[in-house]
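Take a look at it first, and then we'll walk through a few spots.

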Amino acid sequence: MKIMLYAIPVFFLLIGLELLFARLGRTRLYRLPDAVSNISCGIVQQVGGVFLKTAVFGLYWWVYEQWRLMDAPDTWWSWILLFVAVDFCYYWFHRCAHEISLLWGTHVVHHQSEDYNLSVALRQSLLQPVFSTFFYLPLALLGFSPAVFLVVSTWQTLYQFWIHTRLIDKMPAWFEWIFNTPSHHRVHHGVNPRYIDKNHGGTLIVFDRLFGTFQAEDEPVVYGVTDPLESWNPLWANMDYYARFWRDWARVPGWSNKAAMLFRKPGWRPAVPGHAPAFREVVPESRVKFDTEPGPFVNGYVLGQFVLLLLATSWWLDSIGQGLGSGEQLRDRLAVAFFIVVGTAGLGGLLERRRWAPFVEILRFGVLGGVVLCRIY
């Protein structure tokens with residue numbers, strides 16, 4: 001928690017530098033609604049993830065305490081070994097998340113942006129830890145302590161921030177061969193037919209080379225997903241895939257087809273009347289980005305409120321490191337969490353010019369005002 005909290009200012013400093021260099025180079029990398037949506041997904045993931053990550057980390061700790069086969073030594077080489085092992089486990093989760101429909105819903109959020117910049121690195125799914133944790137449990141069986149695992153996996157995650165940029169073309173050849181780089185990861189975010197389901201590595205790219213999922217960047221990348229989200233709402237971003245999936249799943253005849261939909265590739269549908277072909281190929285030349293024009297007043301309001309949400313999130317993450325508390329303290333922290341999460345949806349709705357968005361704004365400020373009044377009286 002503390003490592004991530006200290007990383008937040010660094011993230012925004014680098015985003016600011018990327019914006020500056022893009023302006024100097026007269027390259028448009030950012031759109032305000034998309035960047036706000038990306039970072040809002042990260043906010044929801046961090047706030048909601050406090051509760052989920054506590055549960056899934058508890059599972060790792062329980063397996064370690066009850067079932068470990070040995071005790072891994074606490075040496076410099078064991079830390080390096082664990083770093084490689086974490087990246088290996090991440091590769092297989094990441095690959096399965098792209099190739100198994102049920103898991104794709106926990107990862108698709110990260111790919112929904114049709115831009116590619118450092119804000120996309122912060123666009124994360126709320127539900128991903130629920131499934132990814134099971135891929136790391138073998139490390140608990142091998143005796144890697146929960147504390148060391150948590151530190152190493154956090155650093156492995158932080159590494160992946162800088163590779164979400166278009167400003168860096170290629171790294172030195174030796175680095176490109178071993179490590180994941182912006183060039184490799186741009187491929188991973190592409191919907192070009194030759195780029196789909198490639199380059200799943202986190203820190204290292206060697207596992208993609210070993211297991212046949214490597215693809216070099218050899219044509220301009222078109223970013224996004226094959227079925228565009230077309231929304232700036234981070235809460236809907238986490239539900240959209242499963243809502244579409246459930247609609248199709250309920251209509252598909254036969255339990256064998258329903259089971260196949262869960263475990264086959266995303267987009268697979270049985271060859272029955274009334275259903276589209278299993279996979280729809282994206283034609284990059286005809287791709288049009290989702291966009292809205294809320295106007296300068298709404299943009300200004302959203303930007304101001306978004307800064308307030310960022311400050312509230314930083315305070316909340318810092319305070320929650322000491323526990324949820326009880327009584328008034330618990331009430332206050334839950335109210336601020338509500339203010340933050342619902343606020344991200346409200347701002348997304350305003351950017352989409354939704355009629356319900358102003359009422360959401362009134363609701364969240366009403367809740368926060370009620371807490372303040374309770375404190376006073």
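Searching the whole structure turns up 1 cavity of 30 Å³ or more. A cavity here is a set of points on a 1 Å grid over the protein atoms alone where a 1.4 Å probe fits but cannot get out, with lining residues having an atom within 4 Å of a point. The largest cavity holds about 100 Å³ of space. It has 13 lining residues, and Asp 34, Gln 112, Ser 113, Ser 231 and Trp 232 are the closest to its centre. The lining splits into 4 nonpolar, 4 polar and 5 charged residues.

This is a predicted model, where local features need pLDDT of at least 70, side-chain atom pairs count only at pLDDT 80 or more, and totals for chains, interfaces and linings use all residues. Residues are numbered from 1 along each chain as its sequence is written, and side-chain values use heavy atoms, leaving out hydrogens and water.

Next, a pair of helices. Helix α2 (residues 32-67) packs against helix α11 (residues 234-251) at an angle of about 80°, and their axes are 8 Å apart. The two are therefore roughly perpendicular (that label covers 65 to 115 degrees). Ser 40, Cys 41 and Val 44 of α2 meet Pro 234, Leu 235 and Ala 237 of α11 in this contact (heavy atoms within 4.5 Å). By class, that makes 5 nonpolar, 1 polar and no charged residues.

| Residue | Phi |
|---|---|
| Asn 199 | about 55° |
| Glu 230 | about 55° |

Asn 199 sits in the loop between α9 (182-188) and α10 (206-211), and at 0% relative accessibility it counts as buried (under 20% relative accessible area, 1.4 Å probe, protein chains only). Glu 230 lies in the loop between α10 and α11.

Conventions. Axes fitted to C-alpha atoms, helices over the stretch in contact; angles between N-to-C directions. Helix = DSSP H or I, 4+ residues; strand = E, 2+ residues; numbered from the N terminus. Parallel < 35°, antiparallel > 145°, perpendicular 65-115°, else oblique. Nonpolar A, V, L, I, M, F, W, Y, C, P; charged D, E, K, R; others polar. 1 Å grid on protein atoms, 1.4 Å probe; cavity = no way out; pocket = protein on both sides within 12 Å on 5 of 7 lines; lining within 4 Å. Points joined across faces, edges and corners; volume = space filled by probe spheres on them. Buried < 20%, exposed > 50% of the residue type's maximum accessible area, 1.4 Å probe, protein only.
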